[in-house]
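Trainee: I'm new to this structure and would like a close look at a single part of it. Could you walk me through the disulfides and what surrounds them?

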Amino acid sequence: MPLRAGTLLAWVVILCAALVAADVDPVVIKGSHFFYRTNGSEFFIRGVTYQQPSSSSNNTQVDPLANLDCMRDIVFLSQLNTNVIRVSYIDPTQDHTACMSALQNAGIYVFVDLPTNRTINSTNPQWNLDIYNSWTQKIDAVAGFNNLLGFFVGNNIVTNSGNSPAAAFVKAAVRDLKSHINSKYNRDIPVGYEVNAAANYDIMSSYMTCGSNASAAIDFLGISNFNLCSNNTSQGFDLISAEYGNYPVPVFFADYGCRDSPGSARMFAEVQNIYGNPMTNIISGGIVFEYFQDDGLNGLVSISGTHVSPLADFTSYSSQIAKITPSPTLVSNYVVSNTFTPSCSTGAAFSASPTLPPVVNKNICACMVGSLDCIAKPGLEAAAVELRYRSICGSTSENCPALHGNGSNGTYGAFSICTINDRLSWALNQLYQYSTADCYSDADAAIAHTNYYSSDGNCAEVLYEAGPSGTGTITTFPTSTGSSYPEYTNIGAGVPSPVLSNGAIAGIVVGSIVIITAFVLGCVRICCWRGKRRGCACCTRRRGIKFQKDATKNENQYHTDSRHSKSPDQPGGLRGGGSSIVSDDSRGMVELQPWDERYLPPRSNNESQSTGSRSEIPAHGLASEGSAYVSHQRHHSSTPQHPGPELVNPLAAPSPMDSVKELPAFRAHDQPEDKSLGSMKLLSPVVKVLLVPNADN
């Protein structure tokens, strides 16, 4: 069935919508400002924290981008002139296409927090494959969308000098995640960190951008500040200007919204300061806390089922954000003057070492596990693994120096980057290295069946650099091992590969389907319209169905029309009309019209009333089965034979074994076959009929 104009137009609209979604302008960073990549105008964040409260029944996190509730809320976010939302949790196993595309079409970009179930702990910090794998899965779940603005790797992890060593692990995470993004995606996706400005712990902010290795520096800094109330606005912004006036990366309020008095609606007076002069030279906007109402009563709306009710805070913020007139800077006129600090300050107030934990590399851990004789039993539950590991190694580096790290003095075990299962295997092997029997009897241990230390050159080099105690510094990063372990890619290397966004992929798929479908259906329509006699398979089948219907119709007319001959030896359908009889050689000829009874002599009443068995010639020519049936009727019918009109050159029923083609019904036996156009026109569709005298007369 050919495409109708309305259907084709609908597909074109879908295609165009998908392509428009794929072309949303990404936001890029230059110096300490955000800019639109295409037009070069400055991008100011007008954001809202968008995270549904955890389920009260089981305290499970809710992924706000994995359900269609976002469609309901986009209307209200747009009323607040929102161009950014911040999401605290996503489930990497879910599909986020619907929400991300809808937000993209509304001009809304997204920040995603990476830490949830796995995070860098302030008091016992670690950076290992368990955390890395969890965070990169979230990155890969949404990095393909052009409206993905960036990722937060931490939120107020370091708050004082006591937990400042954790900063080294946070910075190592930034380094490895940026390497993962750069090696897998064709655009820069910023990675940043959030500090609490109220604690006035500005050293942490400086540490996150210091050093000569720019790949380990954050791309943006978020500030959490809920103290910018109407009676403290001026003083608070003066402190922020003094602290971040020369900061080398963009700074914005990651959380804000001060309440002047408990129980009162927030007035959001700080909005005019954030988006006014001179703060727009330092601050790139902010994200209001928060969209959903929760126990803290900081929501802009309340949700009851599918009904959304704007609250007093919604009205106040809407009024304030509608009045802002920030002064943008064009990227062409912007000169970067803020630079990174070449060295990192250390001391009693801040004890994080500039030496960072090792780069995460799965192959190093595979080499280590492959060299062991005693390993952790496969299939142990996570809680059991954690419990047994702590019982052997504890929480410090004293018992298992190969598996721990110290962010204060910059010493890290060679295998501290491995998963907890791999680290438990190392600990068990150290515990039972002189007693295989004890390993065998331990319920949490198992004897290793594969040891490739001596056969794999890459692993031999890795284990040599780590040393017998596992405290050496590994500088060899194998991209594969010669064992049965799966090969992994070194996250510190790789060439960026072009990756299309989900919107672009959807546009290409839909467009391909539309084009192919329209082309095929158009060809079919043209074939059936203009090529009826050119051998079109589709048309031939359709005409075959039509011929069958005509034959059935003629057969039914035969039984009801008194003009048909009922003589058993008379070919059916020759009187009063019927299908033309053509052989295989007549392909492409003009179809014979039904015979006109005017060419026949008048019939006698006896002839018209004669009865007998009727033989039938198939509608599409003579078939062997039909001929057999005629022959049978001629020899065995007890009804008197009345031959009636006959063809001048009647055709014999073709035999399946006969290799000689039958001549057309309108060509004499001795006439040479001529298929020229002139000969076809000379062949009259009128069949000469002779009335054979009745033998009885």
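Mentor: Let's settle one term before anything else: a disulfide here is a pair of cysteine sulfur atoms within 2.5 Å. Keep in mind, too, that this is a predicted model. By that rule, the count comes to 7 disulfides, and we'll go through some of them in turn.

Start with Cys365 and Cys418, whose sulfur atoms sit 2.1 Å apart, so the pair falls within the 2.5 Å cut-off. The torsion about their S-S bond is about -100 degrees, so this disulfide is left-handed. What does the pair tie together? It links distant parts of the chain: Cys365 belongs to helix H10, while Cys418 is in the loop between strand S15 (411–412) and helix H12 (420–431), and 53 residues separate the two. Are these cysteines buried or exposed? Buried means under 20% relative accessible area. Cys365 has 1% relative accessibility, so it counts as buried, and Cys418 is buried as well because its relative accessible area is 0%.

Cys367 is joined by a disulfide to Cys459, with an S to S distance of 2.1 Å. The angle about this S-S bond is -70 degrees, and the link is left-handed. Here again the pair links distant parts of the chain: Cys367 is in helix H10, Cys459 is in helix H14 (residues 457–466), and they are 92 residues apart. Cys367 is buried, with a relative accessible area of 1%, and Cys459, at 0% relative accessibility, counts as buried too.

Now for a pair elsewhere in the chain. Cys210 and Cys344 form a disulfide with their sulfur atoms 1.7 Å apart. The torsion about their S-S bond is about 100 degrees, so this disulfide is right-handed. Which parts of the chain does it join? Cys210 lies in the loop between helix H6 (202–207) and strand S8 (220–225), and Cys344 in the loop between helix H9 (312–321) and helix H10 (362–370); these are distant parts of the chain, 134 residues apart. Cys210 is buried, with a relative accessible area of 4%. Cys344 comes in at 18% relative accessibility, so it counts as buried.

What about the surroundings of that loop? Thr209 is found in the loop between H6 and S8, and at 2% relative accessibility it counts as buried. Leaving aside neighbours within four places in sequence, Thr209 is in contact with several residues, including Lys171, Ala217, Tyr247, Pro248 and Val249. Phe340 and Thr341 are also among the contacts of Thr209.

To put these links in context, take a step back to the whole chain. Its secondary structure comes to 19 helices and 18 strands, and 44% of its 697 residues count as buried. Among contacts with a separation of 6 or more, residues 24 or more positions apart account for 75%.

Val520 lies in helix H15 (residues 502–530) and has a relative accessible area of 43%, so it is partly exposed.

Key: Residues are numbered from 1 along each chain as its sequence is written. This is a predicted model: local features need pLDDT of at least 70, side-chain atom pairs count only at pLDDT 80 or more; totals for chains, interfaces and linings use all residues. Side-chain values use heavy atoms; hydrogens and water are left out. Helices (H or I, at least four residues) and strands (E, at least two) are DSSP runs, numbered from the N terminus. Buried means under 20% relative accessible area, exposed over 50%, partly exposed in between (1.4 Å probe, protein chains only). Contact means heavy atoms within 4.5 Å.
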